[in-house]
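Thanks for coming, everyone. I have one model to walk through today. Please bring it up on your screens.

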Amino acid sequence: MFTKKILSLILFLGLFLSLSCVKRDPVLQSKSTMKAVEKTTRKVLRTSQEWRKRLTPKQFHILREKGTERAFSGKYWNEKKSGVYHCAACGAPLFESVHKFKSGTGWPSFYRPVHPKAVAVKGDTSLGVRREEILCARCDGHLGHVFDDGPEPTGLRYCVNSESLSLQTQPLIAPSDAGPARRPYEKKSIKKPRR
Ligand SMILES: [Zn+2]
């Protein structure tokens with residue numbers, strides 16, 4: 001009986017703590033976003049040759065050869081449209097515009113990925129200093145680096161190459177006959193009719 005009471009107390013405390021954590025972070029991802037990302041975490045593995053065929057030379061250099069675009073040269077460093085930034089190589093959702101912030105670095109910067117599992121982090125000492133490389137968790141495409149000088153609530157700055165991203169903007173008004181507006185990655189795939 002006594003152990004039962006202790007157990008329920010622990011459960012109650014756990015619930016209370018998790019709820020208070022939720023309260024602290026105002027920009028939590030919606031359940032549907034989390035589900036959509038979890039569906040797309042299956043690995044996409046392709047050879048270098050296959051990636052070369054699918055990507056532009058610039059994208060290939062950055063995503064597959066860990067290149068870096070020049071600051072202020074990419075298409076998204078100053079992008080203000082709302083939507084979801086997908087991986088330019090495999091299409092996995094990576095970042096959301098609500099988490100984008102003005103970093104002044106000349107690269108699109110986010111304080112968190114769309115989902116903790118969307119982006120993988122790997123130690124990188126290629127420039128003689130230790131940095132944390134960020135990769136698309138689905139296809140291992142190089143995105144950029146993450147630094148610990150970002151804004152609250154995470155204090156992180158995900159510094160990403162525009163070439164690694166593809167922004168899918170959300171329509172502000174849903175077409176009247178198309179039902180409720182969906183986020184781009186929630187669309188069900190429509191099979192093409194056979195010819
Ligand atoms: Zn990818």
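**Loops, sheets and a core**

Let me begin in a loop. Asp140 lies in the loop between strand S6 (131-136) and S7. Phi of Asp140 is near 65 degrees, a positive value in a residue other than glycine. Is Asp140 exposed, partly exposed or buried? Asp140 is partly exposed, because 17 other C-beta atoms lie within 10 Å. The cut-offs: buried is 20 or more other C-beta atoms within 10 Å of the residue's own, exposed is 12 or fewer, partly exposed is in between, and C-beta atoms are placed from the backbone.

Two housekeeping points. This is a predicted model, so local features need pLDDT of at least 70, side-chain atom pairs count only at pLDDT 80 or more, and totals for chains, interfaces and linings use all residues. Residues are numbered from 1 along each chain as its sequence is written.

Now confidence. pLDDT is the predictor's confidence in each residue, from 0 to 100. The protein chain has a mean pLDDT of 81, with 66% of its residues at 70 or more. Over residues 13-27 the pLDDT is below 50, and this stretch has five contacts in the model beyond near neighbours in sequence. Residues 172-189 are also below 50, with 14 contacts beyond near neighbours in sequence. A contact means C-beta atoms, placed from the backbone, within 7 Å. Where pLDDT is low, the predicted coordinates should not be read in detail.

On to the layout. The protein chain has four helices and nine strands. From the N terminus the order is α-α-α-α-β-β-β-β-β-β-β-β-β. Of the 195 residues, 29% are buried. Take the contacts between residues at least 6 apart in sequence: 59% of them join residues at least 24 apart.

Next, the six-stranded sheet. It is open, runs S3-S4-S8-S7-S6-S5, and its pairing is antiparallel. Pairing needs at least two DSSP bridges between two strands. Strand S3 (100-101) and strand S5 (119-124) are the edge strands, each pairing on one side only.

Stay with S8. Which strands are joined to S8 by bridges? Strand S4 (residues 109-110) is joined to S8 by two bridges, antiparallel. Strand S7 (residues 142-147) is joined to S8 by four bridges, also antiparallel. Look at Cys159. Ser109 stands opposite Cys159, and His145 stands opposite Cys159 too. In a regular strand the side chains alternate between the two faces of the sheet. In S8 (residues 157-160), Arg157 and Cys159 point one way, Tyr158 and Val160 the other, and all are buried.

His145 itself sits in strand S7. His145 counts as buried because 20 other C-beta atoms lie within 10 Å. Leaving out residues up to four places away in sequence, His145 touches Asp124, Arg131, Glu132, Glu133, Ile134 and Cys159. His145 and Val121 are 24 residues apart in sequence, yet 8.3 Å apart in space, C-alpha to C-alpha.

The peptide bond from Glu152 to Pro153 is cis, with omega near 10 degrees. Pro153 lies in the loop between S7 and S8. Phe72 has phi near 65 degrees, a positive value in a residue other than glycine. Phe72 is in the loop between helix H4 (57-65) and strand S1 (83-87). Phe72 is exposed, because 10 other C-beta atoms lie within 10 Å.

The other sheet is open, with three strands in the order S2-S1-S9 and antiparallel pairing. S2 and S9 are at the edges with a single partner strand each, so one side of each has no neighbour in the sheet. S1 and S9 pair over five bridges. Cys87 stands opposite Leu165 in S9.

Last, the core. A nonpolar core is a set of buried Ala, Val, Leu, Ile, Met, Phe, Trp, Tyr and Cys residues joined through C-beta atoms within 7 Å. The largest has 29 residues, and Leu94, Cys136 and Val160 touch the most other members. H4, S1, strand S2 (93-96), S6, S7, S8 and strand S9 (165-169) each supply at least two residues of this core. Among the residues that Cys136 touches are Cys87, Leu94, Val119 and Leu143.

Key: Contact = placed C-beta atoms within 7 Å.
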